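Me: Hi, could you walk me through this model? I'd like to begin with one residue and then zoom out.

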Amino acid sequence: MNANVAGLLARSSVQDGKLTRFIRHNRFERPTLVLDVDAVARQYAALAQGLGRARIHYAVKANPAPEILERLVQLGSNFDAASRAEIEMCLSAGARSSQITFGNTIKRPSDIAFAHRVGITHFAADAREELEKLAEHAPGAKVCLRLIVDATEADWPLSRKFGCTPHKALKLMSYAKALGLEPVGLSFHVGSQTREPRMWEETLKQVAQLWHQARQSGYALTLLNIGGGFPARYGDDIGSPANYASKVMSLVKHHFGDVQQIMAEPGRGLVAEAGAIAAEVLLVSKKHDSDLHRWVYLDIGKFSGLAETMDEAIRYRITTDRDHEPTGPCILAGPSCDSADVLYERQPYQLPLGLRSGDRVVIHSCGAYTSTYSSIGFNGFPPLDVVAI
């Protein structure tokens, strides 16, 4: 085992140990996300080291816990907000308007006006109508045009809903200028949980082609937003965050040359490993005596925080007090009266054969996209509780 991998596993063990100890020594009436804010700070430092001169704009949607936002403000982070509410959260945590960008390409006109009024100057867009809204409600704004990219190797691709084609982007640059806006750059998203730096190569090549074409056409682009995609450890080793980010920046340099400003928007890669969920087994059963697989039902499911198990894209690591016992395959499901609330079935999950109702489980690397995905009262189940330590 090389030193980098050993160091990563050691840090992860310490982090997991702190979260697990807190969960073991406390009782929770319902599923609870426990966050280690110091772990967020360590991850921020590692990513900042690897990204070098690129500015970090934390993707607030990953986890807007006030404790996380306040710590990141103290560390000098910037923020990518997707709504008025997220902007207000950042401002309440102490961020200045100059540290916040409005990165959602689908914005309510009144929210644009609010952002402009509080001093936000950088917005994202990918359509003519969005540019028209910006020109009306945030005159003179700086605009980053988001590109649609071909499907990537990410575990959670984001290639369909957002962005425009390169040909369309050039037309939008011209239209933005005609509206009195300032087209300053391009943005894209390689896809969430892009496990290896090499997986960025084709996307960067696509975006760089348009970047150079636009500059040759007279557009003074100064800002490249490389988005998110920085991975979290769910089971397989992904290497150190500093090394990963450094390799991505080397690819950016190779394809784009010297870019005046580069920004990155890590969300999952910043906070996922800093959280664990305390949950409980509600039922263990078989549909037929001859079934090879048990059904294990937890008190948390897709609608109460584990939405990223959709299509089994994210496979969380789960530990129990019975991990010393023999294990066997099971189908893992949530508690709601909805047949879609099945977490892992195509690839059955290995859990201790002795699991029983009332046993506690810890679901690891849950700091991102859990509390924000949790429904408000579906089937009467409460939203996910959050505790920061």
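Me: Let's begin with R268: buried or exposed?

Reply: R268 is buried, with a relative accessible area of 3%. Buried here means under 20% relative accessible area, exposed means over 50%, and partly exposed is in between, using a 1.4 Å probe and protein chains only. This is a predicted model, where local features need pLDDT of at least 70, side-chain atom pairs count only at pLDDT 80 or more, and totals for chains, interfaces and linings use all residues. Residues are numbered from 1 along each chain as its sequence is written, and side-chain values use heavy atoms, with hydrogens and water left out.

Me: Thanks! Which helix is R268 in?

Reply: Helix α10, which covers residues 268–271. Helices (H or I, at least four residues) and strands (E, at least two) are DSSP runs, numbered from the N terminus.

Me: And what is R268 in contact with, leaving aside its neighbours within four places in sequence?

Reply: The residues in contact with R268 are A62, S192, Q193, F230, A232, Y234, E308, I314, A368 and Y369. Contact means heavy atoms within 4.5 Å.

Me: How far is R268 from H25 in space?

Reply: They are 27 Å apart, C-alpha to C-alpha, and 243 residues apart in sequence.

Me: New topic: strand β6. Why is it described as largely enclosed by the rest of the structure?

Reply: Strand β6 spans residues 142–146, and four of its five residues are buried, so it is largely enclosed.

Me: In which sense does β6 pair with β5?

Reply: Parallel, over four bridges, with β5 being residues 122–125. Two strands pair if DSSP finds at least two bridges between them. Within that pairing, A125 stands opposite L145 of β6.

Me: What about helix α6, which of its residues are buried?

Reply: In α6 (residues 128–137) they are E130, L131, K133, L134 and A135. Those buried residues pack against α5 (109–117), β5, β6 and α7 (166–178).

Me: Okay, zooming out. How many helices and strands does the chain have?

Reply: There are 10 helices and 16 strands. The radius of gyration is 22 Å, close to the 21 Å from the globule rule for 389 residues, so the chain is as compact as a globular protein of that length. That radius is taken over C-alpha atoms, and the rule is 2.2 Å times the number of residues to the power 0.38.

Me: Last one: what share of the chain is buried?

Reply: Buried residues make up 54% of the 389.
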